[in-house]
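Subject: Structure handover

Hello,

The structure is below, followed by notes on what was found in it. Please read the notes with the model open.

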Amino acid sequence: MLRHLMALFILALIALPLGVAAQDIRLPENSTPGAIDRASTGGAQNLADIEAREAGVEIDDSFRRDNLGGDAATAPGLGPLGGRSDPDLWRGIRYNELPVTVSTLNQTGLVLVQDDGIWWLNFREGPLATYGAWLLGGMLILLALFYLLRGRIRIEGGKSGRTVTRFKAIERFAHWMLAGSFILLALTGLATLFGRKVVIPTLGHDFNSVLLAGSKFIHNNVSWAFMIALVMVFVMWVWHNIPNRTDWVWIKQGGGFIGDKHPPAKKFNFGQKIIFWGVIVLGFSVSLSGLSLLFPFELHLFGHTFGLINDVGITEFAGMGPLQEDLTPHAEMQYAQLWHAIIGFLMMALILGHIYIGTLGMEGAYDAMGSGEVDERWAEQHHSLWLDEVRQDKRTPAE
């Protein structure tokens, strides 16, 4: 009864109107896109331009793009050398409007100013951090609600005292290497993303500096353990995670989480298969983008991918314009970083659910990966078909 009351209380809190007001992105009343009066600054940028950009409004920036200086309007021989000031020069480089040459053949060195970096920074500090935090917080709230409403799934009749081997040592080793490395990667990744916003205001710059230096070292090196474990888990368990007709029974009976039925299942039920394929697919994707970050400017993933998406016509079907394919090396890195973080957030939400079921949510589940031995009564309730196969193997003498 108390659990149910707590669940209703949390639901009521969620249903309350959020007190977060959306950012006011309206332009000043006397300012409209494309009609900004720059007479007071002699045609140069003024406050209305800055406010328009901050509001995300597209503005005609030809007044800057085309303002690249020129011949000095002075008497011959009496003017300054050259006709461009430093701002003219850098503005021309930024808009790629000057015939600038560099002495390196490296494509990375050809980019002197990368304007899209501002977009990347704003997205990383804004929507990525905000929605990522909401995703993890929402997942924790859902799990808390589920626990309050459903409670812990107990072994009916209690433990029998007889155990059966669920996972071999090599399987548990791969699982824990994958789990341990992922937890370290998740924590260090969160520290890197939220360090400036959360750690510095609370613990100071010095602590954040040490934290981020350590996080980078751990993140870069532990990632190899994660990738190795991911391959091991895939090789050992892929055969057991191929969908079959018993999965449909599991789905119809709500996996046993709804009601009192215990649907039959082999070594992995449908819920565990979702976790498995989610970890494999997302893990492969996060590993690939991670390799791109480990070896900067060596592995370009997104320009080619955007080209394939354009060729298939996905963007046209969605009513969007074609994606930019000719990305600079720096833009490739920025997309890789954002994709890496987005996939990381999805994996963290998925793993939170997995950790809940494996510990607090279901009695006896942790033993499968703890000691490798599970109670027979637990196996009968959650993996009856697998238990039958194990018993059959024991009755069949080895050839």
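Phe302 is buried, at a relative accessible area of 11% (buried means under 20%, exposed over 50% and partly exposed in between, with a 1.4 Å probe and protein chains only). This is a predicted model, in which local features need pLDDT of at least 70 and side-chain atom pairs count only at pLDDT 80 or more, while totals for chains, interfaces and linings use all residues. Residues are numbered from 1 along each chain as its sequence is written, and side-chain values use heavy atoms, with hydrogens and water left out.

Phe302 belongs to helix α10 (residues 302–312); helices (H or I, at least four residues) and strands (E, at least two) are DSSP runs, numbered from the N terminus. Leaving aside neighbours within four places in sequence, Phe302 is in contact with Leu327, Glu332, Tyr335, Ala336 and Trp339, where contact means heavy atoms within 4.5 Å. Between Phe302 and Tyr335 there are 7.1 Å from C-alpha to C-alpha, and the two are 33 residues apart in sequence.

**Nonpolar cores**

A nonpolar core here is a set of buried Ala, Val, Leu, Ile, Met, Phe, Trp, Tyr and Cys residues joined through side-chain atoms within 4.5 Å. The largest one has 46 residues, and Phe226 and Met347 have the most contacts inside it. At least two residues of this core come from each of α5, α6 (169–203), α7, α9 (270–294), α12, α13 (366–370), α14 (376–382) and α15 (384–395). Helix α12 gives the most, with eight residues. A second, separate core has six residues, including Leu301, Phe302, Phe306 and Ala336.

Not counting residues up to four places away in sequence, Met347 touches Phe182, Phe226, Val279, Leu282, Gly283 and Val286.

**Helix packing**

The axes of α5 (residues 117–150) and α12 (residues 329–361) come within 10 Å and cross at roughly 10°. Axes are lines fitted to C-alpha atoms, for helices over the stretch in contact, and angles run from 0 to 180 degrees between N-to-C directions. The two helices, α5 and α12, are therefore roughly parallel to each other (under 35 degrees; over 145 is roughly antiparallel, 65 to 115 roughly perpendicular and the rest oblique). Their contact has 23 nonpolar, five polar and one charged residues; Ala, Val, Leu, Ile, Met, Phe, Trp, Tyr, Cys and Pro count as nonpolar, Asp, Glu, Lys and Arg as charged, and the others, Gly among them, as polar.

**Aromatic pairs**

There are 17 aromatic pairs in the structure. Rings of Phe, Tyr and Trp (its six-membered ring) pair if their centres lie within 6.5 Å; planes under 30 degrees apart are stacked, over 60 edge-to-face and the rest tilted.

The ring centres of Phe167 and Trp237 are 5.4 Å apart with planes at 50°, so this pair is tilted. Phe167 lies in the loop between β1 (163–165) and α6, and Trp237 in α7, so the pair ties together parts 70 residues apart in sequence. Both Phe167 and Trp237 are buried.

For Phe234 and Trp277 the centres are 6.4 Å apart and the planes at 75°, so the pair is edge-to-face. Phe234 is in α7 and Trp277 in α9, so this pair ties together parts 43 residues apart in sequence. Phe234 is partly exposed at 33% relative accessibility, and Trp277 is partly exposed at 31% relative accessible area.

Ring pairs also link Trp119, Phe123, Phe302, Phe306 and Tyr335 into a cluster.

Regards
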